[in-house]
Amino acid sequence: MDASGFTEDPYHSSASVFEFSTASPPPLLKIDPSALARLSSSSSGRKPYQQSSPVKLQLSVPDFLIAEEARASILLLLYKLLLGGSSSSTAASQLLDILNKGSQTLTIDLDVDRKEDADLLKQCWPDTTLLAICALLDYTATSLATVSDAVAALSFAKDFKDLLNGSKMKNDLQSEQVFDIPRIHGRLRSVSKSVHSSTRIELNSTPLVQGTASKNLASLFSSLALSLQDLGESSWLRAKNILQGLAKENKYPNLVEDFSTGCPNIDQLNSSVTSFVTLKLERSYVKSLHEVYSLSEAVRKILSWEATVSFISLDGIELIQVQNGTTDGVSAATPEKKKDKKKKVMGKGTTVLMQSFATNIVIDSSSLPQKVSQGFLSLFDMKSLGFELLVQKVKEFVESNESRRLPKIPKGTHDFAKKKQMAIREKAFSIIANVFKRHGAMALDTPVFEPRETLTGRFEVDL
């Protein structure tokens, strides 16, 4: 049990809020009896003239909220009540019942001990709802920032070497998209870190205190909305370019139509950002953050489509067939192979990522492109366990690449890159140097490089 009184994992992190709010079926919550006892004792400890019959309070859940946003809002309200201990145990039990029933409701009926507590709950309910959406967005943005790098790398896996070598693609739009990746993805990571830090502070702040959280958080998420818009637009353009390349080779003609009908487009992204800005200016903070959450869902779908067309362009369907041990239906979906077809050469990280996608995409034996796109949409669903495993896999890729790309060091030597190691070494050398100085020794500084004849010839006496 943590300080809030939950008997399971504490629900005061964005990941925990997202996990609980999107779980299907929803997990059952339990509150430690001692937490309810604290609320009861706090209520019974008041003076007689302060005690009266329970105050009826009805909170309205905005009808534009989707199921996970509503559940997250009720969850955080319960958490704040338990953490503050200012309201009655009856209200906490009522919120717990609503969450455990799992059905979405537009009204929350509570029995509160004091009118002051009822007024405070009513005033802070919009901030609580806003914070719940912030927690969902925090987790979503962090996850998208992780997988977007892998998807973008997959898009250019086939032609990246030609691009770096100054091929005919140098002045093409695709070249500009490559060079925009560090800026767009880096800014999303930076904004996601700020969002995560601010959301964590608000989640663990003083419970049920009315303040300026709505305005401050809405301003912070303006940067996130623009970063998500840029990410979605760049991902859509990359997917479009790959489809144009496939069309020139007369491959997968139906895939272009499926992309046009199933993938959100740039106009939809712009519309979401415009709605967010308008609602923010109107001080409709909860609705404006809801619009950003809808924007993140659109970006997720775009990334899944980029992964789909990249995977197919790299002969991912054939890879699935090889792993499944089937070849039926491939000839109907793919053009006839030429004997002199050039083999696609991919890097180690891309190969591992392609193998991972081929293993985790659940499709039937026909492996049609439509089925592959549906498989990627399911794989990139943040509510599924598969997406969590995908994020973990991508993190492992990054860590392995970083270790492989470290420069080689001469045999018998060792790098000291960690702060703790360097602190110990500096302290040790300082003690040794001071001992030598006390005995009259002087420091000698020699060049780090020498002429070749000095190192390869005989060592003379004056060396």
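**Salt bridges and a helix pair**

Start with Arg300 and Glu297, whose side chains meet in a salt bridge, 2.7 Å from N to O. By salt bridge I mean a side-chain nitrogen of Lys or Arg within 4 Å of a carboxyl oxygen of Asp or Glu. Both residues sit in helix α11, residues 285-313. They are 3 residues apart, about one turn of the helix. Helices here are DSSP runs (H or I, at least four residues), numbered from the N terminus.

A word on the source. This is a predicted model: local features need pLDDT of at least 70, side-chain atom pairs count only at pLDDT 80 or more, and totals for chains, interfaces and linings use all residues. Residues are numbered from 1 along each chain as its sequence is written, and side-chain values use heavy atoms, leaving out hydrogens and water.

Back to the pair. Is Arg300 buried or exposed? Arg300 counts as buried, because its relative accessibility is 7%. Glu297 is partly exposed, at 35%. The cut-offs: buried is under 20% relative accessible area, exposed is over 50%, and partly exposed is in between, with a 1.4 Å probe and protein chains only.

How many salt bridges does the structure hold? The structure holds 9.

Next, helix α7. Arg183 and Asp180 form a salt bridge, 3.5 Å from N to O. They are 3 residues apart in α7, residues 173-203, so about one helical turn separates them. Arg183 is partly exposed at 46%. Asp180 is partly exposed too, at 30%.

Now a bridge between helices. Arg187 pairs with Asp230, the closest N and O atoms being 1.9 Å apart. Arg187 lies in α7 and Asp230 in α8, residues 213-248, so the pair ties together parts that are 43 residues apart in sequence. Arg187 is partly exposed, at 35%.

Last, back to α11 and its contact with α9. The axes of α9, residues 253-262, and α11 come within 11 Å and cross at roughly 170 degrees. Axes are lines fitted to C-alpha atoms over the stretch in contact, with angles from 0 to 180 degrees between N-to-C directions. The two helices are therefore roughly antiparallel, a label for angles over 145 degrees. Which residues make the contact? From α9 come Leu255, Asp258, Phe259 and Gly262, and from α11 come Trp305, Val309 and Ile312. Contact means heavy atoms within 4.5 Å.

Key: Parallel < 35°, antiparallel > 145°, perpendicular 65-115°, else oblique.
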